[in-house]
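Colleague: I would like to learn how to read a model like this one. Could you take me through its features step by step?

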Amino acid sequence: MPPKRDCCGSDPMTPAARLAAAIDLLDAILEGAPAERALTNWARANRYAGSGDRAAVRDHVFDALRCRGSFAALGGALTGRGLILGLCRAEGRDATALFTGEGHAPAALTADEAKHLASPAPPREDLFTSDWPEWLLPQLRADLGADFAPVSEAMQARAPVFLRANLAKTTRDGAAQVLATEGIETQPHPLADTALEVTAGARKIAQSQAYAQGLVELQDAASQAMLQLVDLAPGARVLDYCAGGGGKALALAAAFPKAQITAHDIDAGRMRDIAPRAKRAGAKITLAEPGKVTGQYDLVLVDAPCSGAGTWRRTPEAKWRLTPARLAELVALQAEILSHAAGLVAPGGRLCYMTCSLLDVENAAQIAAFAARGGWESTAHLRLTPCDGADGFFGAVLSRI
Ligand SMILES: C[S@@+](CC[C@H](N)C(=O)[O-])C[C@H]1O[C@@H](n2cnc3c(N)ncnc32)[C@H](O)[C@@H]1O
């Protein structure tokens, strides 16, 4: 059968050519180019690459960034070429057959490379350990305890894609049926009764009718699960203090249609998508002016800026960019935001703190320090790791003492 042509009529790139493109991109990224920008520039400069090629090259690049330490060890060098050799080895692909130097394939293996690939692979534990930033290892080992090995292994895999069924418009089964008619296969996920894990057709979501009609939103299942911490009476006043693009505010609006929800973020630009998303979802969300929020709320949600360690499968560059100084800055910012947000909680109301971090210093220790400053106690918390099937997340509910 002839190779399937893309929409522009060019033949798809060969697997070896896709690897060669990923090698060049990774070299640029290792020199400091942001991955997304490098991929966009590459796609613009190589118009012959169809959507399948772009997706495959992107997957290679993100797989290599996520498993940077282990692929470099398996491939013999922390270079684009070393990482892609490591990727081939990790996936059990025959590098000799792909690195031929013919056509657009990467140059043939050198004698040293062939020797390295034939040498025994490092032990499994050394491999997954090397996919964390080295400076963070003592902290991660202490915080994750017995979960360190399984979480580290889970973090090497690609993150699943999840949707939240908008129960204000449909049921989870109803959303799944509509998605299926558009070639998007899903299965319910146990972490939340709104969560659908996408098993096929993920790239069609943004163009689907189910999405356009607000039946579903993209949201990680652990992020959806965090709403288990919240219970709201009809008419409750809710402030999403760090609303960003509104993921939590929209989920709250769907779960509690009678709540009055206000979204706030220090950065107005981050809230740009809330209005169109709310319109699609059929939700009412009031936007507060950045830095000017006042009043009293029955629930103040602080989905705090954090290291994002629980989401590093999706944003692998971020894990290599984090520094001890930046982490300390984030921890100080979280404490400051908590103090400020606490002042907006009405008598008898609650404060809910969340992060997508796996690090204790941003999670339980942050809450313990806040409670130790007086006046508040933690009444419930939830900690999820990628071993639960989705991103790492932490949430705690606090009441006044
Ligand atoms: C984890 S993100 C929020 C994600 C969002 N809640 C969602 O579910 O899509 C953290 C947000 O906190 C905001 N932020 C940072 N510093 C802040 C501050 N001092 N006050 C309020 N928001 C702040 C950031 O702009 C960012 O959008």
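Colleague: Let's start with strands: how do strand β1 and strand β3 pair?

Modeller: Strands and helices here are DSSP runs numbered from the N terminus, with at least two residues (E) for a strand and at least four (H or I) for a helix. Two strands pair if DSSP finds at least two bridges between them. Here, β1 (residues 161-165) and β3 (residues 195-200) are antiparallel and share four bridges. Val161 sits opposite Val198 in β3, and Arg164 is opposite Ala195 in β3.

This is a predicted model, in which local features need pLDDT of at least 70 and side-chain atom pairs count only at pLDDT 80 or more, while totals for chains, interfaces and linings use all residues. Residues are numbered from 1 along each chain as its sequence is written.

Colleague: What do β2 and β3 form?

Modeller: They form a hairpin, with six residues between the two strands. Strand β2 (residues 185-188) runs antiparallel to β3, and four bridges join them. Look for Pro188, whose bridge partner in β3 is Leu196.

Colleague: Which order do the strands have in the open sheet?

Modeller: The order is β2-β3-β1-β4, four strands with antiparallel pairing. At the edges are β2 and β4 (216-218), each of which pairs on one side only. From one strand to the next, the twist averages 40 degrees.

Colleague: Which helix lies across β1, β2, β3 and β4?

Modeller: For angles, axes are lines fitted to C-alpha atoms, for helices over the stretch in contact, and values run from 0 to 180 degrees between N-to-C directions. Contact between two residues means that their C-beta atoms, placed from the backbone, lie within 7 Å. In this model, helix α11 (residues 172-181) lies across those four strands and runs at about 165 degrees to β2.

Colleague: How is the protein divided into domains?

Modeller: Domain bounds come from an automatic or database domain assignment. Here they give domain 1 (15-131), domain 2 (161-219) and domain 3 (223-400). The centres of domain 1 and domain 2, taken over C-alpha atoms, are 32 Å apart.

Colleague: Which residues touch the most other members in the largest nonpolar core?

Modeller: A nonpolar core is a set of buried Ala, Val, Leu, Ile, Met, Phe, Trp, Tyr and Cys residues joined through C-beta atoms within 7 Å. A residue is buried if 20 or more other C-beta atoms lie within 10 Å of its own, exposed if 12 or fewer, and partly exposed in between, with C-beta atoms placed from the backbone. The largest core has 72 residues, and those touching the most other members are Ala249, Leu252, Ala253, Val300, Val302, Cys352 and Tyr353. Its largest share, seven residues, comes from helix α14 (residues 247-255). Domain 2 and domain 3 each supply at least three residues to this core. A second, separate core of 30 residues includes Phe71, Ala73, Phe99 and Phe128.

Colleague: Where is Cys356, and is this residue buried or exposed?

Modeller: Cys356 is in the loop between β9 (345-355) and α18 (364-372). Cys356 counts as buried because it has 25 C-beta neighbours inside 10 Å. Among the residues Cys356 touches are Cys306, Thr311, Asp391 and Phe393. An unreviewed UniProt entry annotates Cys356 as "active site"; UniProt positions follow the numbering used here, feature names are shortened, and annotations may be inferred rather than shown by experiment.

Conventions:
Lists of a residue's contacts leave out its neighbours within four places in sequence.
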